[in-house]
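Good morning, and thank you for coming. Please look at the sequence and the structure as they are shown.

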Amino acid sequence: MNKMKRTLQSKENSISTASLPDVVFMLLFFFMVTAVMRETELKIRVNLPDATEVKKLENKSLVRHIFIGKPHTYKQQGVLPLIQIDDSFLDVEDIPESIENWRSVITESDLPKLTISLKVDKETQMGIITDVKQIMRKTQMLKINYAALQSNR
Amino acid sequence: MIMEFTHQVHLEYECSAHQLNKTWLINLLVMRRSLNTEFSMGSMADIAFLLLIFFLVATTMEVDQGIIRKLPPMLVSDPVTFHERDILEVLINRDNKLMVEGEETDIAELRALAKEFIANPANESHLPEKVSLHIDHFGDVKVTKKHVISLRSDRGTSYDMYIAVQNELVGAYNELREELAQSRWNLPFLSLSEERKAAIAVIYPMKISEAEPNN
């Protein structure tokens, strides 16, 4: 009788943790499959504007970003908007070179689908954006997306 | 005979070992039972959690979304001339004030104005000329084929305002297409087949020229 009691006690009434790694691994694989690596670290402030007619960009691998906004370190660098592509600040004149770089790594059949997404801070003035657009037109890079956040007005 | 012999030897050996080293064997057996041959799954969970946290931090979940537009190509040949009635002139000045066809307008009115301009429902003479076209699913339809909305901004216009105006213009087209899809098929535009979408896009072609800067 005493022995039986002991055996019952030794079987502790806790849930087996053996399945815990399985659950966590499932989560892990989900995130690995769905997520895209954060490729750039923003050095400028980008508060996107709101819009009601936004659409999702279909092919994420064929989208390249141009960030425009006031630098975080505006006390040193001034409040004028800067252009950031990948990890560095660029002048407007350097954009065609970046576009060529992007084009060179994409297969020819995907070239017409290449989209440039302008991620611009909403307080920026249009001047620099107009310059970027003119440069894009000169390089025949016509697919453009004005990044905006969905809002329900 | 030989088998029997070896068996005997074996038994003998076991017996002697049992008698000689009785306590040692018992000790071994006890250890065997208490030693768990599986490693703990708890540490596995820790490793998986670490990996999970790494991926959470190193990745972005945000979806790319925005107003998708196409820029007009750089003009190489002579610019195409438009009739005055075919153009809707939208100007935004440096103070973010909106002017449509020479009149100061509030942004809330822009969508209705643009819709009237694009569709020209009453076939008025100051709105774009309508051309008869034969379109699949619809037959002969009168379309304002040559209309264009000319959007111009100043270098000092804020991007926020510019996007708001773009949004209203794109919204005007989207609303017209939606209305047509509802009246023709009783279905939302986005759920139509590609072929039907294309037919509607011929009736209301999106023509927003965001071309040459002012100064």
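A word on conventions comes before the details. This is a predicted model, in which local features need pLDDT of at least 70 and side-chain atom pairs count only at pLDDT 80 or more, while totals for chains, interfaces and linings use all residues. Residues are numbered from 1 along each chain as its sequence is written, chains are lettered from A and ligands numbered from 1 in the order in which they are written, and side-chain values use heavy atoms, with hydrogens and water left out.

Let us begin with the interface. On the side of chain A, 57 residues are in contact with 49 residues of chain B, where contact means heavy atoms within 4.5 Å. The area buried between chain A and chain B is about 4900 Å², and carbon and sulfur atoms give 62% of that area. Buried area here is the accessible area, taken with a 1.4 Å probe, that two parts lose on being put together, summed over both. Of the area that chain A buries against chain B, 16% is supplied by Glu53(A), Arg137(A) and Tyr146(A), more than any other three residues.

How many salt bridges are there between chain A and chain B? The count is 2, a salt bridge being a side-chain nitrogen of Lys or Arg within 4 Å of a carboxyl oxygen of Asp or Glu. Asp131(A) and Arg155(B) meet in a salt bridge through their side chains, at 2.8 Å from N to O. The largest share of the side of chain A that touches chain B comes from helix 5 of chain A (residues 126–138), with 11 residues. For helices I take DSSP runs of H or I with at least four residues, and for strands runs of E with at least two, numbered from the N terminus. By class, that side of chain A has 30 nonpolar, 12 polar and 15 charged residues. Here Ala, Val, Leu, Ile, Met, Phe, Trp, Tyr, Cys and Pro count as nonpolar, Asp, Glu, Lys and Arg as charged, and the others, Gly among them, as polar.

Strands also pair across the interface; two strands pair if DSSP finds at least two bridges between them. Strand 2 of chain B (residues 65–70) runs antiparallel to strand 4 of chain A (residues 55–56), and 2 bridges join them. Lys55(A) has Gly66(B) as its bridge partner, and Lys56(A) stands opposite Gln65(B). Strand 9 of chain A (residues 143–147) is joined to strand 2 of chain B by 5 bridges, again in the antiparallel sense. In that pairing, Tyr146(A) is the bridge partner of Ile67(B). Tyr146(A) was also named among the three residues with the leading share of buried area.

We turn now to chain B alone. An open sheet of 5 strands has the order 5-4-3-8-9, with mixed pairing. Strand 5 (103–105) and strand 9 (208–209) of chain B stand at the edges with a single partner strand each, so one side of each is left without a neighbour in the sheet. Within chain B, strand 3 (residues 87–92) and strand 4 (residues 98–100) run antiparallel and are joined by 3 bridges, and Leu91(B) is the bridge partner of Met99(B).

Finally, consider chain A alone. Strand 5 (residues 63–71) and strand 6 (residues 82–85) of chain A pair in the antiparallel sense over 3 bridges, with Gly69(A) partnered by Leu82(A). Strand 6 and strand 7 of chain A form a hairpin with 2 residues between them, and Asp86(A) in the turn has a positive phi of about 55 degrees. Ile85(A) stands opposite Ser88(A) in strand 7 of chain A.

Chain A also holds a salt bridge between Glu123(A) and Arg45(A), whose closest N and O atoms are 3.2 Å apart. This pair links distant parts of the chain, 78 residues apart.
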